Amino acid sequence: STQSRSSAASDVYKRQQQLVLADEQLWVLGNPDNLNPVFGGVPNAFAWRAEMDRGEIIGWTAMGPSIPNGELESFAAFGYGGRLYVAGGAPRFAGPIDNNVYSAPVLGDRGLGAWSQHVNELPSPMIWGSAIATDSGAMLLGGDDPTPGAVGSVDFAAMIFMSGAPGAWTSPAPLPERRLGPALAQAGTRTLAIGGAIPDANEQPAAPAAEVYSTQDGDVWATETPLPAARAFASAAANEQFVFIIGGTTTPPAPDGSVLVSAHCSSE
């Protein structure tokens with residue numbers, strides 16, 4: 001695709017960092033904010049690995065190579081089978097929106113290997129999507145294809161082979177309400193899609209939403225207790241009892257660094 005991303009949307013909703021768990025390691029992939037090429041700023045994508053001590057983060061180590069395209073932002077990322085994956089996205093300042101899928105191995109010495117591009121790319125360009133690893137592969141939800149005439153959420157799923165290569169991407173059941181960039185978490189057998197941004201008439205993200213949906217099989221989405229306040233483009237994680245939602249943007253659009261915790265989460 002040669003469709004370029006709208007700068008107006010990226011000014012408000014910046015998805016610069018993606019939190020990824022791979023091979024029992026915590027990673028952040030992204031692109032630093034507030035770079036201006038007019039004043040000499042150069043895109044400098046990063047991959048950071050968390051230094052852990054008995055479950056606590058005590059520091060971050062910059063690991064290279066970072067991500068395949070140093071200008072890429074608004075991509076989806078996930079970890080599976082000891083590899084980090086990056087899908088979709090768009091160059092930071094200008095250029096076509098991507099539908100490529102890349103991955104890199106997490107090495108035994110706790111480094112990151114070289115990135116490779118996979119043959120099975122996404123069926124369409126995608127920005128603002130969220131990704132989560134499943135038992136057999138990955139699911140991408142709430143992306144947007146800004147190609148003229150392409151209306152609707154971009155949702156994909158694929159098996160990941162033992163070689164690390166994704167199989168053909170298919171379309172899972174869409175969310176009951178179209179959302180861009182929901183926070184995704186795995187709570188036992190359920191996949192949760194939390195919040196997200198509401199697309200407006202120009203296919204750009206509008207106000208964040210508070211809805212929470214869940215599915216056990218990827219075919220039927222159920223409605224759960226909504227968030228106390230709308231939030232989009234956040235990160236989420238779950239354990240046996242609670243769901244945690246971190247960061248994102250609120251209404252009116254503003255960065256929010258607070259952490260929301262559910263009162264209780266049943267994994268069934």
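The model is predicted, so a caution applies: local features need pLDDT of at least 70 and side-chain atom pairs count only at pLDDT 80 or more, while totals for chains, interfaces and linings use all residues. Residues are numbered from 1 along each chain as its sequence is written, and side-chain values use heavy atoms, with hydrogens and water left out.

Strands are DSSP runs (E, at least two residues), numbered from the N terminus. Two strands pair if DSSP finds at least two bridges between them.

**First stop: the sheet around Ile246**

Select residues 243–246, which form strand β21; three bridges join β21 to β24, and the two run antiparallel.

**Second stop: the four-stranded sheet**

Next, display the open sheet formed by four strands in the order β6-β7-β9-β10, with antiparallel pairing. Select β6 (76–80) and β10 (116–117) at the edges: each has a single partner strand, so one side of each is left without a neighbour in the sheet. In general, the strands of a sheet pair through backbone hydrogen bonds, either parallel or antiparallel.

β6 and β7 run antiparallel and are joined by five bridges. Select Phe78 and find Tyr85 of β7 opposite. Between the strands of this hairpin lie two residues, and Gly81 takes a positive phi near 55°.

Now select residues 83–87 (β7) together with residues 101–105 (β9), which pair in the antiparallel sense over five bridges. Along this pairing, Val86 stands opposite Tyr102 in β9, and Ala87 has Val101 as its bridge partner.

Finally, keep β7 alone in view. Five of its five residues are buried (under 20% relative accessible area, with a 1.4 Å probe and protein chains only), so β7 is largely enclosed by the rest of the structure. Both faces are covered, with Arg83, Tyr85 and Ala87 on one side and Leu84 and Val86 on the other.

Methods: Buried means under 20% relative accessible area, exposed over 50%, partly exposed in between (1.4 Å probe, protein chains only).
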